[in-house]
Amino acid sequence: PVRYISNHSSGKMGFSLAEAAMSMGASVTVIAGPVNLSLSSTIKRLNVKSAVEMHQAALNSLPTTDIFIACAAVADYRAEQVQNEKMKKQADNDTITLTLVKNPDIIADVASAKKRPFCVGFAAETNDVEAYALGKLKRKNLDLIAANDVSIGTQGFNSDNNALTVFSKDKRFDITLMSKKEVAIQLLKIISSEYQSRYQSHML
Ligand code: PMT
């Protein structure tokens with residue numbers, strides 16, 4: 001109830017994507033962790049507090065989802081035990097050990113569902129960005145992955161700007177440094193064109 005493990009994500013990138021998708025005509029649902037930002041009233045917002053809750057909300061959304069974009073910085077591990085009362089400092093112990101357990105991999109589970117939407121993941125990396133992103137594209141069975149280098153102070157976590165390299169199995173697209181609102185529009189144009197070519201090739 002007092003201290004928790006978190007990260008630097010502000011929600012700006014995800015919320016920019018939601019607003020851009022809505023302005024391009026999509027019907028949008030945002031599954032958001034604790035984010036201090038507002039959304040247009042025409043966007044449906046489901047608030048969750050944990051990866052487990054987000055996982056459940058994502059799976060529940062599948063019957064009505066054509067395109068799933070995973071921009072949330074979900075923790076790979078969570079504390080095994082969540083305390084109900086404040087953990088007090090121990091006078092006789094200079095160290096404490098927290099046991100962490102693996103969280104469900106939300107987008108990997110969405111991408112392996114029976115009624116599978118077009119799946120777009122993100123990769124937040126500090127090094128070997130392309131190699132790790134391509135590894136995630138394959139391992140999580142995604143259609144697209146948007147990689148950002150979060151070691152650069154002017155982009156990524158909490159900044160108003162971002163730059164992305166987007167990979168499909170056989171293509172690469174570069175979105176240079178610009179505002180997250182503009183990045184969102186550029187990324188959605190790529191998603192839209194890749195989604196349409198996938199859909200059309202299925203129709204042939
Ligand atoms: O919120 P901002 O301050 O605007 O910052 C934007 C951002 C840096 C958070 C965003 O651009 C970004 O990179 N989001 C993904 C962050 C992340 O968790 O990346 P990852 O490489 O650890 O995860 C890979 C993919 O798996 C992501 O699509 C992630 O949403 C997904 N994932 C991760 C863990 C998990 N348990 N379940 C998941 O679905």
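Visitor: How many aromatic pairs does the structure hold?

Guide: The structure holds two aromatic pairs, where rings of Phe, Tyr and Trp (its six-membered ring) pair if their centres lie within 6.5 Å. This is a predicted model, in which local features need pLDDT of at least 70 and side-chain atom pairs count only at pLDDT 80 or more, whereas totals for chains, interfaces and linings use all residues. Residues are numbered from 1 along each chain as its sequence is written, and side-chain values use heavy atoms, with hydrogens and water left out.

Visitor: Why is the pair of Phe118 and Tyr195 called edge-to-face?

Guide: Planes under 30 degrees apart count as stacked, over 60 as edge-to-face and the rest as tilted. The ring centres of Phe118 and Tyr195 are 5.7 Å apart and their planes stand at 90 degrees, so the pair is edge-to-face.

Visitor: What makes this a link between distant parts of the chain?

Guide: Phe118 belongs to strand E6 (residues 118–125) and Tyr195 to helix H5 (residues 180–203), 77 residues apart. Helices (H or I, at least four residues) and strands (E, at least two) are DSSP runs, numbered from the N terminus.

Visitor: Is Phe118 buried or exposed?

Guide: Buried means under 20% relative accessible area, exposed over 50%, and partly exposed in between (1.4 Å probe, protein chains only). Phe118 has 6% relative accessibility and therefore counts as buried. Tyr195 has a relative accessible area of 25%, so this residue is partly exposed.

Visitor: Why is the pair of Tyr195 and Tyr199 called stacked?

Guide: The planes of these two rings lie at 5 degrees and their centres 6.5 Å apart, so Tyr195 and Tyr199 form a stacked pair. Both residues lie in helix H5, four residues apart, about one turn of the helix. Tyr199 has a relative accessible area of 47% and is therefore partly exposed.

Visitor: What makes E6 a partner of strand E3?

Guide: Two strands pair if DSSP finds at least two bridges between them. Strand E3 (residues 67–70) and E6 have four bridges, in the parallel sense; in one of them, Phe68 has Cys119 of E6 as its partner. E6 is also joined to strand E7 (residues 144–149) by six bridges, and these strands run parallel. The partner of Gly121 in E7 is Ile145.

Visitor: Which element supplies the largest share of the shell around the ligand?

Guide: E6 does, with five residues. A residue is near a molecule or strand if one of its heavy atoms lies within 4 Å of it. Of the 30 residues around the ligand, Ser9, Ser10, Lys136, Asn148 and Asn158 come nearest.

Visitor: How far is a backbone N or O atom of Phe122 from an oxygen atom of the ligand?

Guide: The separation is 2.9 Å. For Ala72, a polar backbone atom is 2.7 Å from a ligand oxygen.

Visitor: What joins the side chains of Asn162 and Asn148?

Guide: A polar contact of 3.0 Å joins them. The term covers a pair of N or O atoms within 3.5 Å; within protein, one must be able to donate a hydrogen and the other to accept it, and residues adjacent in sequence count only if both atoms are side-chain atoms. Asn162, found in strand E8 (residues 161–167), has 1% relative accessibility and therefore counts as buried.
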